[in-house]
Amino acid sequence: MPELIKIRKGLDISIVGAAEKIVVRQETLGSCALKPTDFVGLTPRLLVAEGDSVQAGTPLFCDKADEQILFTSPVSGTVTAITRGERRAITEVVVTPDGSSAYVDFGTADPLALTREQIVEKLLQSGTWPYLRQRPFGTVANPRQTPKAIVISAFDTAPLAPDYDFLLHGRGADFQTGLDALSRLTDGTVYLNLKYKENFSGVFRNSKNVKISYFSGKHPAGNVGTQISRLCPINKGETVWFANPQDVAIIGHLFNTGRYNPEKIIAFAGQGVKNPRYYHLLAGACIEDIANEQVQQENMRFISGNVLTGSNIGRDGYLGFYDNLVSVIPEGDDYEFMGWLAPGLKKLSFSHTFLSGFFNTLNINKKYAVNTNLHGGRRALVQTGKFEQVFPFDIYPMQLLKACIVGDIEQMEALGIYEVEPEDFALCEFIDVSKTDIQRIIRDSLETLRKEC
Amino acid sequence: MSRLRTFIDKIKPNFEKGGRFAKLHSTFDAFETFAYTPNTVTRTGSHIRDAVDLKRTMIVVVIALIPALLFGMWNVGYQHFRTLDPAFSAASDIWGCFWYGFLKVLPIIIVSYVTGLAIEFTFAQIRGHEVNEGFLATGLLIPLVLPVTIPLWQVAVATAFAVIIGKEAFGGTGMNFVNPALLARAFLFFAYPSSMSGNSVWVSEPADALTGATPLASMLDGHCSASLADMFWGFVPGSVGETCVPAILLGALLLLVTGVASWRIMVAVLAGAIGTSLMFNVIGGSPMAELPFYYHLVMGGFAFGCVFMATDPVTAAQTNVGKWIYGFLIGFLVILIRVKNSAYPEGMMLAILLMNVFAPLIDYIVVWFNIRKRTRRKAINN
């Protein structure tokens, strides 16, 4: 009998614009980009130049620190742009498809019949290896290490999150092959975590070679960090790997067909979208065509990922490597007269200092319109006891945050920095009265630690 | 509204870097953000943020103080007229009492706010910060914990001391380790004891200097000068805001419903005080020790301190377990001071200040247990 784990702390942020369960397939294939900035701490070394033709699966760049980690083209076409940002760091490698379906053949195989080394080799060469990430630090998994466990969260509790069961519909075989491959990579357990009390299709429920656990509770119950803290907490020196279910299916597809084909379904959702629905896209696809069709208003923010942790990509940006959601919300760059004094019937707040706080206990299905306004100015940390209500770890969030702010490495380690990622602090950052950039502080501290060891 | 916005936008460049009044930038910013919630958007991390900010939080505290303030003003008048005419009853001249008290208390509030905010604005400007809203609450708390007869210059000196030494010296709101309002009171108590204690300071312009003893002080003579009901409703001499328990409870209700103050601390202070007074009831030995616990809860500054002072998040313990310990020890200390230190029976101020100082130690111990658990888990795994 699978285990049920109840997450008792957290907050579901209910906002308007959830995607309807219809999948749209774009007729023309737009350009795709692989963005080194999607990978924590990555310094890329380019393997192609502008104008080169590539096939699906041709390496575009590799990790300078470990050159066997390759990042390969999602589609066959021509490298049309290599964009650089500050200090000439590469930010995008853009491939424009040529319409052919040429691909590098990596050969079919049954992962259960292969050795660990053979699987690692195949994943590295095909460019599917980066789909595996590790904690601590959130970087691409280190192929020289063996993790103590691999954790897959098969549901997402973030605002506007897509329904993973819907995304994986009909891809059960690929998903299972992917799980088989992962099960070879660790001496420990592969955990597959499902949401309790939901009608799961066979894709997840009948998965083999994994340990299934059920989780219940509010966001961040679906975050892999929350689940790791309950299943196999990370101590200093240990690593746990994790991957998204769609990405596991892409890995499985590689073994079943010999082809790197990063097709995924993403939700295009949010208040700014006319008809929020699901789209069939390639990893790294440009969202401009969909945006032009679905978003009429100006002054919108296009976020690859969810509104708590995603990145601002702009109207003509490219889908993030790991993301399966694009959220579109209005920019909040306007003033509000005496906003701090308003009764606030429509304001979204975890605190009960607005009237909405009294009424949303009566109407839990209320959905809020949100924007990107900071709603205040930066202050010293004053309020206490609130982070603890949305932070389901056995960690003191305020104390850890303060250790990070002052850069006390010993104290960070003692307080459990290795168990967290910025996304675990996203709700703390959202509710923070003092408007502290908590996720940035946590990321900076983790990067400092990563470089130290 | 938009005309105001246009005006603000027009004069704004003068206050920015290089402008004519750049030295007043923090002040301008404080007033601008007072009038309009700023248009800043998120740059890093979460793209959406909670609608609440520190202004909203502090304004809730200020609103929670208003019932106690209004009653306090009325009571200042009531206590005054009662000494003139023993037949004067609480219902006699409600507006007359209120107006009298209003005129007495308002100058104290103005002095407290003007002194404190001037210092806050100056420090914010020097540091290049935005003005922190913490003083909105502190500035009203100070008048409420002082006797109405306090000389205004002493209010100014005490406020300046509390804000500069108690807060800005440590980095401003959020960094202070003792409650500034209580520090102001303690400063006056030790620097100018004749303004803060005795029987003559609690009633404004009394006819007879001996009639103004607080119920707590009257316990020195072995009996309580007021009935339980009078002390509960607040018809007794005392600091401006501390006498009326129902008014304080209204404030407590708002603080708890909005989640601004910690219920853990309030419950823990109550539990500590009740437990300790029951213990002294058993031991006995003096009228104060034998006093039933519900007397303690309505006497002196207990209720006010429990609701508004002990719960200050900056100076209280920050961990949830720590809050229980911190609150319980405050309750314990109040009763201990009241029973054992009969020369100065108002223990609430000192109990909270003392625990303010110990709060970081309590947190340190609580967090240490969490660290130990993590170290042990690692030892088992390896």
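## Strands of chain A

Two strands count as paired here if DSSP finds at least two bridges between them. Helices (H or I, at least four residues) and strands (E, at least two) are DSSP runs, numbered from the N terminus. Please keep in mind that this is a predicted model, in which local features need pLDDT of at least 70 and side-chain atom pairs count only at pLDDT 80 or more, while totals for chains, interfaces and linings use all residues. Residues are numbered from 1 along each chain as its sequence is written, with chains lettered from A and ligands numbered from 1 in the order in which they are written.

Five residues separate β8(A) and β9(A) in a hairpin, and Arg87(A) in the turn has a positive phi of about 50 degrees.

## Where chains A and B meet

Contact means that the C-beta atoms of two residues, placed from the backbone, lie within 7 Å. By this rule, 61 residues of chain A are in contact with 51 residues of chain B. On the chain A side, α12(A) gives the most, with four residues. That side has 27 nonpolar, 21 polar and 13 charged residues; Ala, Val, Leu, Ile, Met, Phe, Trp, Tyr, Cys and Pro count as nonpolar, Asp, Glu, Lys and Arg as charged, and the others, Gly among them, as polar.

The two chains also share strand pairing: β20(A) and β1(B), residues 36–37, run antiparallel and are joined by two bridges. Glu336(A) stands opposite Thr37(B) in this pairing.

## Two domains in chain A

An automatic or database domain assignment supplies the domain bounds. For chain A it gives domain 1 (31–257) and domain 2 (374–452). Their C-alpha centres lie 27 Å apart, and the contact takes 14 residues from domain 1 and 13 residues from domain 2. Helix α5(A), residues 224–231, provides the largest share of the domain 1 side, three residues. By class, that side has five nonpolar, seven polar and two charged residues.

## Around Ile266(A)

Leaving aside neighbours within four places in sequence, Ile266(A) is in contact with several residues, including Pro162(A), Tyr278(A), Leu319(A) and Val326(A).
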